[in-house]
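Please look at the sequence and the model first.

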Amino acid sequence: MAQNKASNASQSSAGPRPRKTAGSLFLLLAIMLIFPFVASQFGNSWVRIMDVALLYIMLALGLNVVVGFAGLLDLGYIAFYAIGAYTAGLLASPQFGAVLQSFVDTYPDLGHFLVMLCGPQILANGIHLSIWLIVPLSALIAAFFGALLGAPTLKLRGDYLAIVTLGFGEIIRIFMNNLNAPVNITNGPQGINMIDPVRIFGTSLGGEPGSGSIVNIFGIGIPSVNAYYFLFLLLCIAIIFISIRLQDSRLGRAWVAIREDEIAAKAMGINTRNMKLLAFAMGASFGGIAGAMFASFQGFVSPESFSLTESIAVLAMVVLGGIGHIPGVVLGGVILAALPEVLRHVVEPLQQSLFGRVLIDAEILRQLLYGLAMVVIMLNRPSGLWPAPRQEDRPDFNKDASGMDGAQFSDHMAEPTRGVVVAKEA
């Protein structure tokens with residue numbers, strides 16, 4: 001009888017929680033859907049800020065798979081963003097024609113063979129594939145490079161893993177910056193421009209020429225930034241759904257086991273090598289998708305967009321929001337992606353009105369706030385602003401290499417002594 005009452009009480013206390021969660025999600029979704037129409041009244045710049053924030057959220061969710069779920073520190077994650085962006089740049093712009101022409105000028109025999117293979121039309125105009133073919137291709141190429149990065153780092157941990165991934169990110173950026181000779185593939189520091197915008201059922205989200213960046217959807221004209229906003233929002237929802245399914249799957253639990261104690265996970269029969277490679281590949285694929293969207297949205301890519309600072313910013317989003325907690329990562333992405341633009345619109349005019357001139361540039365203030373936010377969060381809330389509600393989903397920062405906290409470790413070390421004492425007394 002008492003057990004039935006207890007079970008009924010637990011069910012009644014747990015019952016409203018899913019409804020409350022679903023209500024909160026629907027409310028958040030309604031706000032996100034209404035936001036561009038309200039923000040457009042104050043100019044398109046605020047919607048564009050949220051477009052960039054949604055791209056960073058995709059990156060943060062991908063990095064969360066590697067850092068949050070599997071516990072593998074990656075400081076070169078922005079490299080997969082660059083791979084996706086340059087894949088879109090090569091396959092959706094005149095740049096591929098320039099690559100063929102460069103082969104013809106540098107290696108005539110090979111160049112003429114490639115022209116014969118591809119056709120003179122591609123030499124003149126380049127390749128203009130649909131973005132919906134480029135996105136999965138970018139994800140596959142980024143996943144391949146993710147596994148390629150993970151393969152030599154399987155036995156590395158902590159600082160050593162961070163240094164290797166940092167080096168990988170810099171290598172990719174330097175390659176993109178220097179692959180303009182002897183064959184011009186990436187156009188070097190000048191970058192790739194004239195990248196095709198996203199087209200959905202023949203409608204360009206960048207707006208047709210002469211339309212003033214207005215997209216006509218079902219006879220309704222909306223700004224281009226609003227159209228991209230809804231596309232990026234849809235992609236973010238899809239990535240969030242995939243991340244939730246991964247976290248609750250056997251694969252996700254295996255990643256968590258590796259994060260908490262790799263030796264114990266291996267002893268339980270988990271193939272840690274394959275799981276780590278899969279984590280790198282899965283996280284990299286999200287970065288490749290975000291990169292392809294970034295290239296189509298901007299219409300231009302260059303190596304300056306993929307520096308080490310960007311990798312640190314994405315990692316800061318994951319740490320600030322809540323490592324391993326998907327809603328927390330989204331929150332961190334929104335805060336840190338929108339913060340520079342908010343500061344630019346608020347801080348500098350405020351200094352002008354108070355002091356008559358700008359004392360601290362918004363970019364410098366952003367870096368100061370990044371560092372200050374990291375220090376304060378690590379001291380007061382090491383699990384992030386919005387940590388996972390379940391304790392088992394949070395990384396335990398108080399554990400040592402054996403997977404035990406201080407009290408458990410001292411008890412464990414005392415157990416053999418207790419056994420000897422008991423044996424002598426017997």
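Predicted model: local features only at pLDDT ≥ 70, side-chain atom pairs only at ≥ 80, totals over all residues.

Residues are numbered from 1 along each chain as its sequence is written, and side-chain values use heavy atoms, without hydrogens and water.

**Salt bridges**

The structure holds four salt bridges (a side-chain nitrogen of Lys or Arg within 4 Å of a carboxyl oxygen of Asp or Glu). Among them are these:

| Pair | Closest N and O atoms |
|---|---|
| E262 and R157 | 3.3 Å |
| E260 and R259 | 3.0 Å |

K276 lies in helix α13 (residues 272–298) and E262 in helix α12, 14 residues apart in sequence. Shared partners join R157, E262 and K276 into one network. Helices are DSSP runs of H or I, at least four residues, numbered from the N terminus.

Buried means under 20% relative accessible area, exposed over 50%, partly exposed in between (1.4 Å probe, protein chains only). K276 is buried at 4%. E262 is buried at 14%. R157 is partly exposed at 48%.

**Helix packing**

Helix α4 (residues 78–91) packs against helix α9 (residues 158–178) at about 30°, with axes 9 Å apart. Axes are lines fitted to C-alpha atoms over the stretch in contact, and angles run from 0 to 180 degrees between N-to-C directions. The two helices, α4 and α9, are therefore roughly parallel (under 35 degrees). The contact (heavy atoms within 4.5 Å) includes F80 and Y86 of α4 and F168 and M176 of α9.

Technical notes. Parallel < 35°, antiparallel > 145°, perpendicular 65-115°, else oblique.
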